[in-house]
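Hi everyone, thanks for coming. Let me put the structure up on the screen, and then we'll walk through a few spots together.

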Amino acid sequence: MTHRLVAIVFLFLLAACGQATVTPLPESKAMANPEAGPGAASQPAAVSPAETPPAGFSSRSVRSLTTPDVKAEPGRGTQSPAEFVSTAPPPVSGNQSRPTSKLPAGNDGTISGQGNTPPTPARDLPGGPRVSIECGTPTAVALAPIYCGFKFKGSVERARWSAPGGSPSQGNGSNFQTSFLTGGGHTVHLEACGRLGCVTASREILVVAPADLGVNGPTTDASNSREAEARRGEANGKWSGLYSLPQCSQSTLLTLPPLEQDAYEVIIPLGLLTTPQHILPTSHIYYHLKRKFGDSGGDREANPPAVAQVRAPGNIRILEINYTVANKDGELWYRDYDLVFAPCRDRLFEFIHVSTLNPELTRLLESAEPSQCDEYGSVESQYRYCQTSVQLDITTGTVLGTTGGTVSAALDLEAYDLSAPPLAFANPDRYFSDLDLRLHVTCPLDGFTPQARAEQIGRMGGYDGRPRTHAPVCGRVMQDVPGTVQGNWFTGSFDGHTNWEQEMALVHDHIDPTLAAISIGGSVMDMGVWLFPPEQRGLINREFSQVKPDGRIYCYQGGLSSEFGQKYPEFPGRLLIRMETEESMSVERQDGSCENGLGFSDPVVYQR
């Protein structure tokens with residue numbers, strides 16, 4: 001009798017271990033890829049849990065990740081028996097997009113079958129599932145992103161991550177992204193829970209932080225090159241107090257947000273498109289101020305932005321004070337100040353639209369001679385813009401002045417990293433400025449400590465209340481994709497500078513980069529910005545990064561305005577684009593729809 005019972009149990013267990021197939025998590029529930037930029041091939045990817053609710057897992061935790069002992073590969077059913085299913089993305093090199101494994105899922109804790117195979121119950125292992133953490137590399141660089149997933153065996157219904165000292169330090173879901181500011185040994189922890197209990201796992205990661213580590217990561221061949229050293233020398237010539245500052249390191253990171261949290265409504269990320277000032281993606285973030293009487297709407301003169309104090313975000317050195325004096329009908333209209341400052345020798349910041357200066361900065365400005373002044377304007381309005389080099393050390397929290405009132409609705413913050421390789425614009429000569437700073441724009445919040453950054457990064461969003469949830473949450477400035485129409489374009493003659501009418505951007509929205517954006521300053525039509533969901537095939541509304549010099553005409557229509565009060569709320573007619581070479585394209589606006597025949601009559605030629 002005993003032998004017969006053992007045989008029955010053995011046969012039952014053998015049947016339970018039979019082959020099963022796996023249905024991957026639907027594409028719509030997959031997580032967005034933090035490294036594959038807008039226009040990349042459609043695929044799921046991981047998002048930093050601290051900056052973005054994990055799509056597909058925010059309200060359902062891990063939605064019963066279950067499997068028998070078979071290895072699941074997205075879309076390919078089962079393979080040879082293996083111990084674990086993995087949620088970890090494969091290693092990535094260079095700028096390659098990072099795919100993330102689609103996970104088998106079942107609401108009732110079962111494997112979803114494929115074809116005629118019925119669902120097979122997942123085995124609930126006593127004490128909880130068996131898990132092991134997989135990260136991209138056992139060695140990482142300070143401030144560089146680290147991507148982790150996990151292998152699992154059994155039923156997983158909830159997964160929680162923690163990384164003491166990391167940014168972010170916690171997360172939920174199948175994947176986790178973090179980074180560490182300091183070098184040395186760090187640990188990533190995982191708690192995975194099934195129906196019969198919870199288990200924990202950990203992974204040790206060695207973080208390398210050289211002594212001369214800058215806030216963008218380790219110095220590279222580019223940052224140690226003669227070109228980088230020449231930039232430092234030129235910067236020291238322009239701002240004599242810059243090179244005597246310490247090298248950039250974690251000790252020089254900014255520690256305090258420049259405005260009180262209740263002084264502003266939202267932080268507008270990099271890449272804003274707005275006519276007429278920013279036909280191309282903006283290179284600074286905006287602290288959009290609250291209104292004086294609370295309601296953010298209404299007439300700006302009747303309800304102007306509230307006045308807010310601007311604080312020194314760290315121990316910094318003021319290097320330059322720029323100011324604009326505006327006169328209207330012969331009387332003073334307003335004054336507006338920009339402050340260039342640095343906490344260390346390779347990183348520069350600039351506050352834009354400071355309304356008033358504190359007494360010490362006022363005296364310093366009055367005692368210094370401007371290095372350059374320009375005057376411009378019309379009969380009614382005259383402007384005088386001056387640049388003045390100064391040198392003054394300021395401690396954290398010092399009130400530098402105020403912003404808001406009748407002068408500006410936002411405090412802008414721009415940042416440059418002189419040690420970083422230049423941004424890979426298709427034609428860098430278009431972005432000439434003092435020291436080519438436009439080629440070294442970086443996210444200002446990357447220059448803050450993790451705590452100060454976290455206080456601000458969660459406030460990123462749009463004027464309309466939409467939060468920025470796609471990585472990088474700080475936004476993007478450079479969106480050029482060489483060999484395609486995506487990016488910045490110019491028409492007409494070029495003498496080192498262009499005006500708004502000559503510019504066009506075929507990029508992606510600064511809040512929702514899944515939306516394509518057409519930004520036009522003039523020349524081909526009246527200025528405006530229009531958004532639309534791009535198509536991955538065909539000739540109508542095609543994703544910009546997929547349009548190449550293939551001889552075909554692509555047509556765009558139906559885009560909706562991203563600006564209140566824009567002349568054309570919906571794109572008027574259609575826009576025809578043909579990429580002639582890797583450096584030029586023909587563009588023409590026409591009446592009608594894209595369903596009609598496509599052909600040019602009088603196109604405007606744009607260049608990179």
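Predicted model: local features only at pLDDT ≥ 70, side-chain atom pairs only at ≥ 80, totals over all residues.

Residues are numbered from 1 along each chain as its sequence is written, and side-chain values use heavy atoms, with hydrogens and water left out.

Back to our pair. The sulfur atoms of Cys373 and Cys386 are 2.0 Å apart, and a disulfide here is a pair of cysteine sulfur atoms within 2.5 Å. How exposed are the two ends? Cys373 is partly exposed at 28% relative accessibility, while Cys386 is buried at 0%. For those words, buried means under 20% relative accessible area, exposed means over 50%, and partly exposed is in between, using a 1.4 Å probe and protein chains only.

How many disulfides does a search of the whole structure find? Six. With the bonded cysteines of the chain numbered in sequence order, the pairing runs 1-2, 3-4, 5-6, 7-8, 9-10, 11-12.

Let me show you two others. Cys248 and Cys344 are joined with an S to S distance of 2.0 Å. The torsion about their S-S bond is about 90°, so this disulfide is right-handed. Cys248 lies in the loop between helix H2 (226-238) and strand E15 (264-268), whereas Cys344 belongs to strand E19 (residues 331-344), so the pair ties together parts that are 96 residues apart in sequence. Cys248 is buried at 6% relative accessibility, and Cys344 is buried at 1%.

Next come Cys555 and Cys594, with sulfur atoms 1.9 Å apart. Here the torsion is about -80°, so the disulfide is left-handed. Cys555 is in strand E31 (residues 554-556) and Cys594 in the loop between strand E34 (584-590) and strand E35 (604-607), so parts 39 residues apart in sequence are tied together. Cys555 is buried at 0%, and Cys594 is buried at 5%.

Three strands form an open sheet in the order E17-E24-E21, with antiparallel pairing; two strands pair if DSSP finds at least two bridges between them. Strand E17 (308-311) and strand E21 (356-357) stand at the edges with a single partner strand each, so one side of each has no neighbour in the sheet. Two bridges join E21 to strand E24 (residues 399-403), and Leu357 has Gly401 in E24 as its bridge partner.

Last stop, Asp509. Where is Asp509 found? In the loop between strand E28 (503-508) and strand E29 (516-520). Asp509 is buried, with a relative accessible area of 5%. Its side chain makes a polar contact of 3.3 Å with the side chain of Arg466. A polar contact is a pair of N or O atoms within 3.5 Å; within protein, one must be able to donate a hydrogen and the other to accept it, and residues adjacent in sequence count only if both atoms are side-chain atoms. Leaving aside neighbours within four places in sequence, Asp509 is in contact (heavy atoms within 4.5 Å) with Arg466, Arg468, Leu515, Ala517 and Leu531.

Key: Helix = DSSP H or I, 4+ residues; strand = E, 2+ residues; numbered from the N terminus.
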